[in-house]
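Here is my note on the model, point by point. Please read it with the structure open.

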Amino acid sequence: MNFKQLLERAKGGDAAAVTELLLMYRPLLLKEAILDSSLDEDLYQELCLVFLRCIEKFRL
């Protein structure tokens, strides 16, 4: 399955596709949630929520 198909499935509510996208982008989300050399878990959670909202709003 290519990225576009995965995104379409995630937008359609497929939990497995959403999970796969989150796992794909997890390294980037973790990298952006590091402040002062430590992981800010609240920031990581907020970034994940924003990522999920972006999936919902993304126009194909």
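**Notes on the model**

1. Start at the loop. Asp36 is exposed, with a relative accessible area of 79%; exposed means over 50%, buried under 20% and partly exposed in between, with a 1.4 Å probe and protein chains only. Asp36 sits in the loop between strand S1 (34-35) and strand S2 (38-39). Its phi is positive, about 50°, although Asp36 is not a glycine.

2. Ser37 lies in the loop between S1 and S2. Ser37 has a positive phi of about 65°, and it is not a glycine either. Ser37 is exposed, at a relative accessible area of 75%.

3. Now the ground rules. This is a predicted model: local features need pLDDT of at least 70, side-chain atom pairs count only at pLDDT 80 or more, and totals for chains, interfaces and linings use all residues. Residues are numbered from 1 along each chain as its sequence is written, and side-chain values use heavy atoms, with hydrogens and water left out.

4. The overall layout is as follows. The chain has three helices and two strands. Both are DSSP runs numbered from the N terminus: helices are H or I with at least four residues, strands are E with at least two. Along the sequence the pattern reads α-α-β-β-α. The C-alpha atoms fill a box of roughly 35 × 20 × 20 Å, taken along the principal axes. Of the 60 residues in the chain, 20% are buried.

5. How do H1 and H2 cross? Helix H1 (residues 3-11) and helix H2 (residues 15-32) have axes that come within 7 Å and cross at roughly 125°. The axes are lines fitted to C-alpha atoms over the stretch in contact, and angles run from 0 to 180 degrees between N-to-C directions. H1 and H2 are therefore oblique to each other. For the cut-offs, under 35 degrees is roughly parallel, over 145 roughly antiparallel, 65 to 115 roughly perpendicular, and the rest oblique. The crossing of H1 and H2 is left-handed, that is, the near helix is turned anticlockwise from the far one by less than a right angle.

6. Which residues make this contact? H1 supplies Phe3, Leu6, Leu7, Arg9 and Ala10, while H2 supplies Ala16, Ala17, Val18, Glu20, Leu21, Met24 and Tyr25. Contact means heavy atoms within 4.5 Å. By class, the H1 contact with H2 has ten nonpolar, two charged and no polar residues. Here Ala, Val, Leu, Ile, Met, Phe, Trp, Tyr, Cys and Pro count as nonpolar, Asp, Glu, Lys and Arg as charged, and the others, Gly among them, as polar.

7. Check the rings. The structure holds one aromatic pair. The centres of the Tyr25 and Phe51 rings are 5.2 Å apart and their planes are at 45°, so the pair is tilted. Rings of Phe, Tyr and Trp (its six-membered ring) pair if their centres lie within 6.5 Å; planes under 30 degrees apart are stacked, over 60 edge-to-face, and the rest tilted. The pair links distant parts of the chain, with Tyr25 in helix H2 and Phe51 in helix H3 (residues 41-57), 26 residues apart. Tyr25 is partly exposed at 30% relative accessibility, whereas Phe51 is buried at 15%.

8. Last, the chain end. Phe58 is in the segment after H3. Phe58 touches Leu7 and Lys11, not counting residues up to four places away in sequence. Phe58 is partly exposed, at 44% relative accessibility.
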